[in-house]
Amino acid sequence: MTEVGLNHYLFVGALLFVCGLVCMATKRNAIGVLIGVELVLNGANINFVAFSRFNPVFEIEGMTMALLVIVMAAGEAAVALAIVLNFYNNHLTVDVDQAEELKG
Amino acid sequence: MEWQPFLFWVIAGLTSACALATVVTHNIVRAATWLLFTLAGASGLFFLIGADLVGAIQLLVYVGGTMVLVVFGVMLTAEGPFISMRTSSAEWAISASTALAFLAVLILSFLLNRSGRDPKLADEPVYVFAPQKNLIDPDEIANAKTSPYTMVIGQGFAGVGVGPAHRDPNSQVKVIEKKDTPEPPLADPKLKKAAIDDLDVNLKNLVRPGEELLPPPVKVDEKTGRPDTTGIVRANYLLPFEIVSVHLLVVLIGAAYLARARRPETRVERQTDGRNDDPAEARP
C-alpha cells in the first residue's frame, strides 16, 4: 500500500478494459458502443505506459506505442461516427438491434 | 503521508468510478460525460507515472478531439427514444458475469507472474546478451525536475536513434560466435569491469542478491580496455510516425467523404420510394 508499483496500474488498466467490454456488449446505442471502444483503448494505453515506466528493460517503447494508439483511436472514432451518422440518416435510428441487414 | 501513493489512490479511484458509471448509466449523454472524466483521469495517471508527453497528448487529442466528436455524434442523434435505451436484465447478467470472469483472468495473469530463471539451471553461467547502455538512468527519474522521456520520445519520432541498441550485422566488427560450451568470464578484472560498466544500467538491477552478472562475450578493444562499440545501431520511430501520418490523411479524407452533406431531398425520397405503389405501374 505504501509503495505503488506496476500491479496497481495494471489493475486500473484491466478495470478500464473490462468496463469498455461491458459497454460494447450491453449498450444499445451505437455511440454507446463507441464509448466502450474508447474505454478499451485507454485501458490498453495505461498498461503500455505502466510497463514502459516500471519494467527496467523498456525505456520509452511503451509510451511511443501509447502515442500511436491515441492517434489511431482518434482516427477510428472519426470514421466510426461518420458511419453511425450515415446509418442514422438512412434508417432514422441508432439502435444497434435494428442494424440487422448490414446496410448503411 | 507520501504524496505519490495518495495521489495514485485518489486519481485511480476517480477514474475507475467514472468508468463504472459510464457502463451503468443508460442515458447516452451522461455516458459521454462520464467518459470525458475517465479520459481526464487516465491523463492524470499518465502524468503521475512521469509520462508527461503521453498525458498531454491524451488531453489534447482524446479529451479535446475525440470527446468533441462523440459529443457531436450524441447531439446529432439524440432524439426522444434514443437518449435512454435500456437493455434487458438477461443481457446484463450474461455480460456482467463474462466480464467479471475476464477481469479475474486478467488480474491473476499479472499477480501470478513468476518471472525468473529456472532454479534447476542455477549452476550454468548466465550470459546477458543484452542491449547496450540505455539513454535514461532510472535512478534519475525519481529526482528529475523535468521528465526525460519527452525529449527522448521527440527525438525518436524525428529519426534520432533512441531504441535498444543492437549490433549491425553489416558492420566490420566481427562478433564472437556463440560456441557450444559457454566461455569463461574475462580473466582480467579491468576488462571485466569495463565490460560490465558498458552493460545496460537497468539490467544490473535485475541481478538478485547472491548472484553475479556475467558480462557478455563481446570483443574488447585492447588499446583502451573498453568494449568495442563499433557498429552499434539504435532503432528510431521515424517509420511508424510517417505511416501514422499517411493513415491520418486517409482517415481525414474518408471521414469527410462519408459524412458529407447530402441534398435534403434524399430523406424525403427515401420515405416515399414507391414501396406502396402499384407494381404494375412502370417506373420512369
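**Exercise 1.** How many residues has the largest nonpolar core, and which residues have the most contacts inside it?

*Solution.* The model is a predicted one. Its largest nonpolar core has 66 residues. Those with the most contacts inside this core are Tyr9(A), Val49(A), Phe8(B), Leu45(B), Val54(B) and Val70(B). The next step is to assign the core to helices. From chain A, helix H1 (6-26), helix H2 (30-54) and H3 each supply at least two residues.

**Exercise 2.** Determine how H3 of chain A and H3 of chain B pack, and classify their contact by residue class.

*Solution.* Two packed helices are described by the angle between their axes and the distance between the axes. Helix H3 (residues 61-91) of chain A and helix H3 (residues 52-77) of chain B have axes 10 Å apart, at an angle of about 5°. Angles under 35 degrees count as roughly parallel, so H3(A) is roughly parallel to H3(B). Residues of H3(A) in the contact include Ala66(A), Ile70(A), Leu81(A) and Tyr88(A), while those of H3(B) include Val54(B), Gln58(B), Val70(B) and Gly73(B). By class, the contact has 19 nonpolar, 4 polar and no charged residues.

**Exercise 3.** How many aromatic pairs are found over all chains, and what is the geometry of the pair Trp34(B) and Phe37(B)?

*Solution.* A search of the whole structure finds 7 aromatic pairs. Trp34(B) and Phe37(B) lie 6.2 Å centre to centre with 70° between the planes, an edge-to-face pair. The two residues are separated by about one helical turn because they are 3 residues apart in helix H2 of chain B. Trp34(B), at 33% relative accessibility, is partly exposed; Phe37(B), at 43%, is also partly exposed.

**Exercise 4.** Which parts of chain B does the pair Phe157(B) and Phe241(B) tie together, and is each residue buried or partly exposed?

*Solution.* The ring centres of Phe157(B) and Phe241(B) are 5.6 Å apart and the planes are at 40°, so the pair is tilted. Phe157(B) belongs to helix H6 and Phe241(B) to helix H8 (residues 238-258), so the pair ties together parts of chain B that are 84 residues apart in sequence. Phe157(B) counts as buried at 13% relative accessibility, whereas Phe241(B) is partly exposed at 37%.

Technical notes:
Residues numbered from 1 in each chain as written. Chains lettered and ligands numbered in written order. Predicted model: local features only at pLDDT ≥ 70, side-chain atom pairs only at ≥ 80, totals over all residues. Heavy atoms only, no water. Axes fitted to C-alpha atoms, helices over the stretch in contact; angles between N-to-C directions. Helix = DSSP H or I, 4+ residues; strand = E, 2+ residues; numbered from the N terminus. Parallel < 35°, antiparallel > 145°, perpendicular 65-115°, else oblique. Contact = heavy atoms within 4.5 Å. Nonpolar A, V, L, I, M, F, W, Y, C, P; charged D, E, K, R; others polar. Core = buried A, V, L, I, M, F, W, Y, C linked by side-chain atoms within 4.5 Å. Buried < 20%, exposed > 50% of the residue type's maximum accessible area, 1.4 Å probe, protein only. Phe/Tyr/Trp six-rings, centres within 6.5 Å; stacked < 30°, edge-to-face > 60°.
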